[in-house]
Structure formats: C-alpha cells, structure tokens
Amino acid sequence: MGTYADLVFLGGRVVTVDAEFSVASALAVTGGIISAVGGQDDVAPLVGPGTRLVDLRGATLLPGINDSHLHGCAFGMATPPLSLDLGHPAVSSLADVAEAVREAVGRVPGGQWITGHGWDTGYLDECVSDPSRLPSRCDLDAGSPDHPVVLYSFSGHATWVNSKALELIGIDRHTVAPPGGAIVADEAGEPTGLLHEGAQALVQNALPPLSRQERTDAIRSTLATLARLGVTSYTEPGLGPGGDGIMRGALGAETLDIYRRLLADGELTARLGVLLLPTGMASTAEEFARTLTALGEIGDADPRRLAIHGVKIFADGIVPNKTSWMHEPYVGGGCGSLCVGGETDDERIAEIDAIIRHAHVAGHQLGVHVTGDRACDTVADAFAAAMAEHPRPDARHYVIHGDFLTAHSMKVLAAHGFGVNMNPTIKWTVADMEEEFVGAGRAAYAWPYRDAIDAGVRVASGSDAPVTYPDWRQGVATMVLRESKAAGRVSGPEQRIGLAEAIRTYTIDAAWQDFADDWKGSLEPGKVADLCVLDGDLLTADPHDIPEMPVVLTVVDGQVVHDTLRD
C-alpha cells in the first residue's frame, strides 16, 4: 500500500454536494486532498498507524462553508472587545444604547473616541412604537458629554454620533453633505447626529485611522470566529483606496497587505478571495478608471489561499435609507437613485455603464453592490452591453445583494453566465422592518432565491458581516423557511428553496464565484480537504433547529483549525 490517509471519517452523513448531491458515509484525507469518498470499505485500505480515525456517530460532514461576502477586518473591529455590541438582543432600546455608552465612558480616558456597531431601529423599542422616532445626539449627550461617540448601524449605511463628535468633526447647520449622502436635521435645521450613506465619510475622515496592529488583531479575531463556525473560505468584498474612508480604513489598501503577512506567517486559517475597491460611492467613470489604472498589476501570493478576483462597485444604497433605486416609489414617496456621479438619471446610467465597461475590458471580475429593482436592471444590462462589446469567456460578474432582482435582470444574468450574491441572514433580520418602506408585497419578495435559481442564475450566499453575524446555519434555515427574526412571520413563502439548494449556495456555487469550483466546494476525490462537521443529521433536522446544531470540527487544507470532538 502507498500513502496512508491523515484523516478518516466513518459512521456519518457525508454530504458531498456533487452534481447528484449524493450522500456517503465515509471520507479520507491524504496530504490536504480528499483521497476517498464512499463507505467503510472504500477508506479502510487507507488507514495506517498515523491515521486519525473520526467516528462521526451520525454527525454530518459537509464541504467547508464559503461565506462569499464578508468584511473580515471590519467584522473583527465591529465586535467586542474592539467595539460595543449594539445589535439585537444585546440592546433593545435607545435607552439601552445610551446606558452602554455611559458604561464605556467610565472605562476610557476623557476625549477618547467610543465606537459601537449594530444598532437597528427595527429592534429599538422607541423606534418600533413610533417609526418617526430616530436615534439622535440627544440620546447620547447626557452620558457622554466629553467623549466623542460614533455608533455604526447594522447595515453600515448610517452612523449615529453625539454632540461632542459633531463638534470635533466640524458638522453644524451650515455643513453641506457630500454627494450621495445626507446629514439628518431637526425642524430647526440643526444636525440630529444621524448621517446617511456618503455623509458618513465626514466622520471617518475625522477619526484616527486604525493602526496596523488593530487591523491585524481584528482579522485574527474574525479568523477565530469563522473557524468555530465551520467557515473555510470567504470573500473580502472591497479592499483598496476606496475603502480608506470606511470604518477607519478597515476596507483600506493596507488591510490587504496585512492579509498577505498573515498568509506568509501561516496564520490565515481560511481561504480568502478579494475584490479591490478603487473608489467609494459617488464615483465618476473618469475617477474610477484613473484609480484602477494606478493600482497596476496585483499578483496573488498563493491563489488557492489568497486570490484577487476583481473589483467592487457601488451602484445604489439600501432600502431602509430609501437609497435603493426602485421602479416604483417607496411608501411616502421617492424612488432613490444610482449613487455614482451625475446630475440626472440618464447621466448616472451613463456613468455606471462606463465604469462597468472599463473594469470588464481590463479583465476583472465585477461585483456590483445593487439592491433596488431599477438599479438591478441597469447593472444587468450594463454587464450584457460590456460583454457584447468586448466578449470575454467566463467573466463571472455578479450582482451583490440583488434584494429586488427582477425577472428581466435574472434573464440577462443567466443568459451570460453571471451570478448573484444574496444575503439570507439580512433577509431574516430586516423582513419585518422593510414593509414600512416598500409595502408588504415587495418586502416579501426581497431576496428572491426561488425565482433566481429557477431562472438559471448562479446564486451564492454571504452574511455581509458585520451587517449580520456570519452564521451560515441561520442562513440555511432562512432560505428554507423564509421566517423573520423579530416576529417569526413567513416572508415570501413562494421564494423558499430546498435544503440541498441552500447548502449549494454556501459551498459549490460560492466556489464558482471564486473561480474555484473545480478544486473546492464539494467533497470529491482530488478536491482540497476543506471540511465542516455538524453535530447531528442536517438532512433530517427540523429547519428551525439548524441554527443551534453545533459545529464540532473544521478542517482547512487538511489541517484541523477547530475541534471540540477531542474536548
């Protein structure tokens, strides 16, 4: 006999996610590669004196989970101990937020910035009982008169600050918001402390940028969390000059250098795909082209561990801020708009077309943040036009989020082999809240998984962490059930998909987005040994129970990075 296996799994449900979604009972790993899949007889010849035998005892062995849209550095910075946790259920009211800030004031020297992440008006009692009630500097000032406070919403599209922060930043009633942004004002015209979209840059530019050590610690924290969750690959959707002003530079160019250092030092315990972010919101085509050219050729150190796939572009905003570009008006009026340069819709359409064409011609994969139905149609048509003008085999462009992807968009994407990256944990989080912005019908339709898959579009799933916690188990349950977080109501039952389809979005179809479906994303001989073991039988579990099923073992490239089986 030749080489013995390093790991052999027996007695479980080996969910291969191959073309037939076949289920085996045993699997062997040799030298970081899957060497056998089948039954006990198939792996028995590979068992040697140094082989670790893992009795799964009916547990489920899956391909390693690929969270295909996750801001790794930002997620680390947005979670304790590096930031206050202001998400549900940590806080449930504006008063709770104020108390958390007051307690933080007692722990840090005077004048030091206090940061928090995750607040969501859909889970703050005062805002739920009165939808016109929004967070304000007045909620924070009493507890933090001398400390500047900056609190990021769960979505990343709104920032809430206190009066001290406004003073230090230099924002007053005369301040003009940057293009694509809004400084919310009260009836007297004074800023309330709430900043939307591009106006958040005013805060970011005033904050001290993250140090290299802070970024490194944040990424290490994220990697540890992902290992515990069974996540073996993720996409950092936007690192570069356009991210230097976002979350104190968490999406900046230096973060990519830190990832490279962690890889060189053997600390990168998940595979990483990267989209470059040449410019932020409200960019012009000229600015985008100039910045992208200045980035030059950027090679991959080890393309199976850290690969740069393409570029990210922002096309519009998000529904809760009414900045998604919609065909029909929001409740209360307005349709939003594209967030690129230009004074009219036609000018902005021309700009996004030119930006997409430039990146396509330059040979990059494109991931475009787009949420509104009119914006989705515009971006899909721009993809198709760029491909028609400059044919490229297998470009694998995709729309990011695609909340209100239309039948037209789906048809165009499917016809050209393009994809969509959807967010089931965001659907779970905002399903109840969105009705007040777009009405019951559109809110139920949001994230149309069933229609997109039926149309032949490649669908991958991502958490958009730190927007939501990167728990794929909740994502799977949401795709199957379409139940909301707050009320448990079913939102759009006609968009439910099956368990096998849901698992594919986090494995083989996410690997397709990474140009890697030929070597990862399923459990087949010859593919890399990226594995996730879930305690219990996933295939027969009540979907409501899936989020609580423990991840007991995570393997990346044949190396165990999380293990509670030996505890």
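Visitor: Is Asp217 buried, partly exposed or exposed, and what is its relative accessibility?
Guide: In this predicted model, Asp217 has a relative accessibility of 34%, so Asp217 counts as partly exposed.

Visitor: Which side chain does Asp217 meet in a salt bridge?
Guide: Asp217 pairs with Arg220, at 3.8 Å from N to O. Both residues belong to helix 8 and are 3 residues apart, about one turn of the helix. Arg220, at 35% relative accessibility, also counts as partly exposed.

Visitor: What about Arg215, with which residue does it form a salt bridge?
Guide: Arg215 forms a salt bridge with Glu254, and their closest N and O atoms are 3.6 Å apart. Arg215 is in helix 8 (residues 212-229) and Glu254 in helix 9 (residues 253-264), so this pair ties together parts that are 39 residues apart in sequence.

Visitor: Buried or exposed, that Arg215?
Guide: Arg215 is buried, because its relative accessibility is 6% and the cut-off for buried is under 20%. Glu254, at 28%, counts as partly exposed.

Visitor: How many salt bridges are found in the whole structure?
Guide: The search finds 27. Among them is the one between Lys520 and Asp514, at 3.0 Å from N to O; both of these residues are buried. Arg271, Arg305, Asp530 and Asp557 are linked in a network of salt bridges.

Visitor: Changing topic: which strands are joined to strand 15 by bridges?
Guide: Strand 8 (residues 65-67) is joined to strand 15 by 3 bridges, running parallel, with Ile65 opposite Val231. Strand 16 (residues 271-276) is also parallel to strand 15, through 6 bridges, and Pro237 stands opposite Leu275 there.

Visitor: How many residues of strand 15 are buried?
Guide: In strand 15 (residues 231-239), 9 of the 9 residues are buried.

Definitions and conventions. Residues numbered from 1 in each chain as written. Predicted model: local features only at pLDDT ≥ 70, side-chain atom pairs only at ≥ 80, totals over all residues. Heavy atoms only, no water. Buried < 20%, exposed > 50% of the residue type's maximum accessible area, 1.4 Å probe, protein only. Helix = DSSP H or I, 4+ residues; strand = E, 2+ residues; numbered from the N terminus. Pairing = 2+ DSSP bridges. Salt bridge = Lys/Arg side-chain N within 4 Å of Asp/Glu carboxyl O.
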